[in-house]
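Please look over the sequence and the structure before reading on.

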Amino acid sequence: LNEQILKSCGFPYPITLSMCGVLFSALVSHIALRTGLVPFGRPDLLGSSRFYLRSSLPIGCLAALTLGLGNMSYMHLSVAACQILKTLTPVITLGLGALLGVERTTPRLAACVMLICLGTMLASQGELAVAGVGVALQLGANLSEAARMVLSQQLLASLKLPLLELQYHVAPSQAA
């Protein structure tokens with residue numbers, strides 16, 4: 001859909017397109033938590049500048065990079081090329097998680113991830129219009145997504161932060 005909006009509809013603002021979805025997520029999470037529809041699991045984190053600067057802001061920036069760079073890559077690559085490059089994200093995530101000690105990687109897990117990536121690459125084969133700038137943008141999106149997922153997993157596990165509450169804290173900086 002994003003590729004169609006960007007190319008077919010002639011909307012040349014990939015970052016703005018990404019921001020629309022993020023603003024909606026921020027709005028829903030704020031309404032749900034501020035109205036009491038969903039209770040805060042960690043009210044002690046509200047207004048904590050340390051939590052914001054060390055956790056929320058970096059994750060929000062990485063998420064914004066993922067969306068922005070990923071949408072920008074559609075302006076230079078075909079959907080098939082983007083999908084093939086996206087299959088590298090689980091490999092990067094697994095490696096980064098193991099490197100940072102967040103994920104314990106076994107040979108079996110690594111083999112399964114590689115098999116899934118290979119299967120996706122084979123299923124995505126077809127027309128491959130490859131431009132260097134598009135590849136660089138998509139690989140940047142993959143790396144930022146892997147870093148965001150590892151940091152989010154670390155945060156969810158260490159702070160026992162519910163997912164909706166993580167979105168509450170991260171979405172505003174991601175949209176900005």
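Within helix α5, which spans residues 89–99, the buried residues are T89, T93, L94 and G97. They line one face of the helix, because they fall within an arc of 130 degrees when seen down the axis of α5. The arc is taken from the directions that run from the helix axis to the C-beta atoms. Buried stands for a relative accessible area under 20%, exposed for over 50%, and partly exposed for values in between, with a 1.4 Å probe and protein chains only. Helices are DSSP runs of H or I with at least four residues, strands are runs of E with at least two, and both are numbered from the N terminus. After α5 comes G101, which has a positive phi near 75 degrees.

The model is predicted, so local features need pLDDT of at least 70 and side-chain atom pairs count only at pLDDT 80 or more, whereas totals for chains, interfaces and linings use all residues. Residues are numbered from 1 along each chain as its sequence is written, and side-chain values use heavy atoms, with hydrogens and water left out.

**Overall architecture**

The secondary structure consists of eight helices and zero strands. In sequence order the pattern reads α-α-α-α-α-α-α-α. Along the principal axes, the C-alpha atoms fill a box of roughly 50 × 45 × 25 Å. The protein has 176 residues, of which 35% count as buried.

**Polar contacts**

T89, placed in helix α5, is buried at a relative accessible area of 11%. Its side chain is joined to that of N142 by a polar contact of 3.2 Å. Such a contact is a pair of N or O atoms within 3.5 Å; within protein, one atom must be able to donate a hydrogen and the other to accept it, and residues adjacent in sequence count only if both atoms are side-chain atoms.

S48 belongs to the loop between α2 and α3 and is partly exposed, with 23% relative accessibility. A polar atom of the S48 side chain lies 3.1 Å from the backbone nitrogen of F51.

**Salt bridges**

A salt bridge requires a side-chain nitrogen of Lys or Arg within 4 Å of a carboxyl oxygen of Asp or Glu. Two salt bridges are counted by this rule, and the table lists them.

| Salt bridge | N to O distance |
|---|---|
| R42 and D44 | 2.6 Å |
| R148 and E145 | 2.8 Å |

R148 and E145 are three residues apart in helix α7 (residues 132–159), so about one helical turn separates them. An α-helix has 3.6 residues a turn, so residues three or four places apart point the same way. E145 is buried at a relative accessible area of 18%, while R148 is partly exposed at 22%.

**Surface and cysteines**

L37, V38 and L164 make a nonpolar surface patch of about 250 Å². A patch is made of residues with over 30% relative accessible area and no salt bridge, with like charges joined within 9 Å and nonpolar side chains (Val, Leu, Ile, Met, Phe, Trp, Tyr) within 5 Å. Accessible areas come from the Shrake-Rupley method with a 1.4 Å probe, and for residues only the protein chains shown count as cover. L37 sits in the loop between α2 (14–34) and α3 (49–73) and is exposed, with a relative accessible area of 67%.

Where a disulfide is taken as a pair of cysteine sulfur atoms within 2.5 Å, the count is zero. C9 is exposed, with a relative accessible area of 59%, and C20 is partly exposed at 47% relative accessibility.

**Towards the end of the chain**

K160 is found in the loop between α7 and α8 and is exposed, with 66% relative accessibility. Although K160 is not a glycine, its phi is positive, at about 55 degrees.

H169 is part of helix α8, residues 163–175, and is buried at a relative accessible area of 11%. The C-alpha atoms of H169 and Y52 are separated by 7.6 Å, with the two residues 117 residues apart along the chain.
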